[in-house]
Amino acid sequence: MARETHLADAAAASPKAKKPDADGAAAAVVPDVGGSGGGGHGGGRKLSLVPLIFLIFFEVAGGPYGAEPAVQSAGPLYALLGFLIFPFIWAIPEALVTAELSTALPGNGGFVLWADRAFGPLSGSLMGTWKYVSGAINGAAFPALCADYLARVVPAVAGGGPRVATIVSFNVALSFLNYTGLTVVGWTAVGLGLASLSPFLLMSGIALPKIRPHRWGAVAGEKDWKLFFNTLFWNLNYWDSVSTMAGEVERPGKTLPKALVSAVTMTSLGYLLPLMAATGAINAPPEDWGNGFFADAAGMIAGKWLKYWIEVGAVLSSIGLYSATLSSAAFQLLGMADLGLLPRAFAVRAPVFNTPWVSIVCTSAITLGMSFFSFNSIVAAANFLYSLGMLLEFAAFIWLRIKRPELARPYRVPTRLPGAVALCLVPSAFLVFVMAIAGWKVYAISAAFTAAGVGVYYLMGFCKARGWFKFSTADEGTAYQRQDSRNGDV
C-alpha cells in the first residue's frame, strides 16, 4: 500500500558491554536538549510493544495494498517467490541493523545519529536530508490517495474545491492526532492495522476451498523486471524509520528487537497469504493485476461486500501510513535539532502532550504542499536518495563495529565483523542495482537534493557562528539523560 502510487510514477520516470544498564548507558551517549527532552523525555507515556509493532507495520507496508504490480509484471510464480525470499535478503538484514543501532544509540533521530557518530556531523546532516526528503515525498502521496479512494464513494470529491478540502482536512486531522502523542498514534495504528488486515484474513479463509495450486505457477508473457523489483523493494522497506522515535520507546533494548521481529513476520505474511489466496482461487491473467485488483479479487471470491470492505481498508491503511510517516519524519527533525544540526526550535515540545510540535507542523506543511503536485521523476529521485541513505547506514553499522567495539549493545546481531559485512553485502548490492537502473533525470534531481543537503549543513554552521538561531550542544542534556538511566530503561 505504501508504495502503490510511487511505483507507478517511478516506472513512468524510467523506473557490546554489561547489559543490566545497557539501555540507560546507551542513552547517555545521545545528546539532548535540556527541557525539550529529545533523548526521550516522554514522561510515563512511552511506546510499549504492541503499538510499536503496528507503527513499524505502517511505516513499512500498511497491508498488501500495492503488491499487485508484482503479479502484473512477472506473474504469480515470481510474485510469490519474491515475497517469500525477499524478506530474507532485504527486510531481515535492514531490521537487524536497525535493532542493533537503535538499542546501542536509542535517541531520537535514529539513522542521523548513527551516521553522525560513525562519520561526523556532515554525514549525519546528509543522511537527514536524504531520508527526510524521501519520507516527506512518500508521505505526501497518502492524503491525495485517500481522496482518490473516497471519490469512488463520493464522486463530488474527485476534483476542484471538494478535493482540496478533503486533502487539507486529512492532513490537519492527522497532524493533530500526532500532536496528541505517540501513545495515541500507536494505539490508533493498532486499530487501523486490525481493520485494514481483517478483510484479507477473511478473503484467505473463504478462498481456501477454491485454491488450485497449479495457478501459482503461472508467469507473465512479457515481464517488467524493473517494476517487479521496485514493487518488492518499496513494499518491504523503511524498517529503519522506527529508529527516529527510539527515544520515545519504553525499555528500547528489549522492546525494539521484539517489535521488529514481530513486524517483519506480520508484514511478510500479510503480503504472502493474500497473494497465495487470490492467485490460487481466481483464474485472472497477470495483466489484470493492476493497483487495486485485490478488491476485485475479493469480490470474485466472496462477493461485493468484501470488495467494498477492502476498499474501505485501503482508506484506513492510508490514514495509518500517513500518520506513521509524519511521526517518523517529525522525530527525525527533533533528533537533528538535538544533535545541533538544526535550530533548537525543532526540538521544542508541546507543554501538555510533550510532542515536537514545531517539527510536526513543518513536516505537515511540507507534505500538504507536495500533495498537490505530480511527482514522476521526483519520486524516483526520492527512492534513489533513500538508497544512498541505506548505503550510508550499512557503512555506519560496520564502522561502529570497528570504531566503537566497547559501545553497549543491548541487542547485538549475533555475528562477528566478517558476518556483519556479509549481512550488508546482499542488500547493498541490490541498492546499487536499483540506483544503476535510474534515468538521468533521477541522477540530476538526486544530485540537486544532495547539494542542497550540503548547503543546509554549512548554512546552519554559518547561522550558529553568527548567533542567528539557538542550537543544541552535545552536553546540554547530560544531566537529564543520567536521570533517565537511573529511572531504568532496561
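This is a predicted model: local features need pLDDT of at least 70, side-chain atom pairs count only at pLDDT 80 or more; totals for chains, interfaces and linings use all residues.

User: How much space lies in the largest cavity, and which residues lie nearest its centre?

Analyst: The general idea: rolling a probe the size of a water molecule over the atoms shows where empty space is left. Here, the largest cavity holds about 130 Å³ of space. Its lining has 14 residues, and those nearest the centre are Gly135, Tyr238, Ser241, Thr325 and Ser328. Two elements give two or more residues to that lining: α7 (121-153) and α13 (304-338). The largest share, five residues, is from α13. Sorted by class, the lining has six nonpolar, six polar and two charged residues.

User: Okay, and which residues touch the most other members of the largest nonpolar core?

Analyst: In soluble globular proteins, nonpolar side chains tend to be buried together. In this model the largest nonpolar core has 128 residues, and Ile56, Phe83, Met203 and Phe397 touch the most other members. Helix α13 turns up again, giving the most to this core with 14 residues. Setting aside neighbours within four places in sequence, Ile56 contacts Trp239, Val242, Ala259, Leu260 and Ala263.

User: What about rings: how many aromatic pairs are there?

Analyst: You describe a pair of aromatic rings by the distance of the centres and the angle of the planes. The whole structure has 29 aromatic pairs. One of them, Trp225 with Phe229, is tilted, at 6.2 Å centre to centre and 35° between the planes.

User: Why are Trp225 and Phe229 about one helical turn apart?

Analyst: Because they sit four residues apart in helix α10 (residues 225-235). Trp225 counts as partly exposed because its relative accessibility is 35%.

Key. Residues are numbered from 1 along each chain as its sequence is written. Side-chain values use heavy atoms; hydrogens and water are left out. On a 1 Å grid over the protein atoms alone, a cavity is a set of points where a 1.4 Å probe fits but cannot get out, and a pocket is an open set with protein on both sides within 12 Å along at least five of seven lines; lining residues have an atom within 4 Å of a point. Grid points are joined across faces, edges and corners, and a volume is the space filled by probe spheres set on the points. Ala, Val, Leu, Ile, Met, Phe, Trp, Tyr, Cys and Pro count as nonpolar, Asp, Glu, Lys and Arg as charged, and the others, Gly among them, as polar. A nonpolar core is a set of buried Ala, Val, Leu, Ile, Met, Phe, Trp, Tyr and Cys residues joined through side-chain atoms within 4.5 Å. Buried means under 20% relative accessible area, exposed over 50%, partly exposed in between (1.4 Å probe, protein chains only). Contact means heavy atoms within 4.5 Å. Rings of Phe, Tyr and Trp (its six-membered ring) pair if their centres lie within 6.5 Å; planes under 30 degrees apart count as stacked, over 60 as edge-to-face and the rest as tilted.
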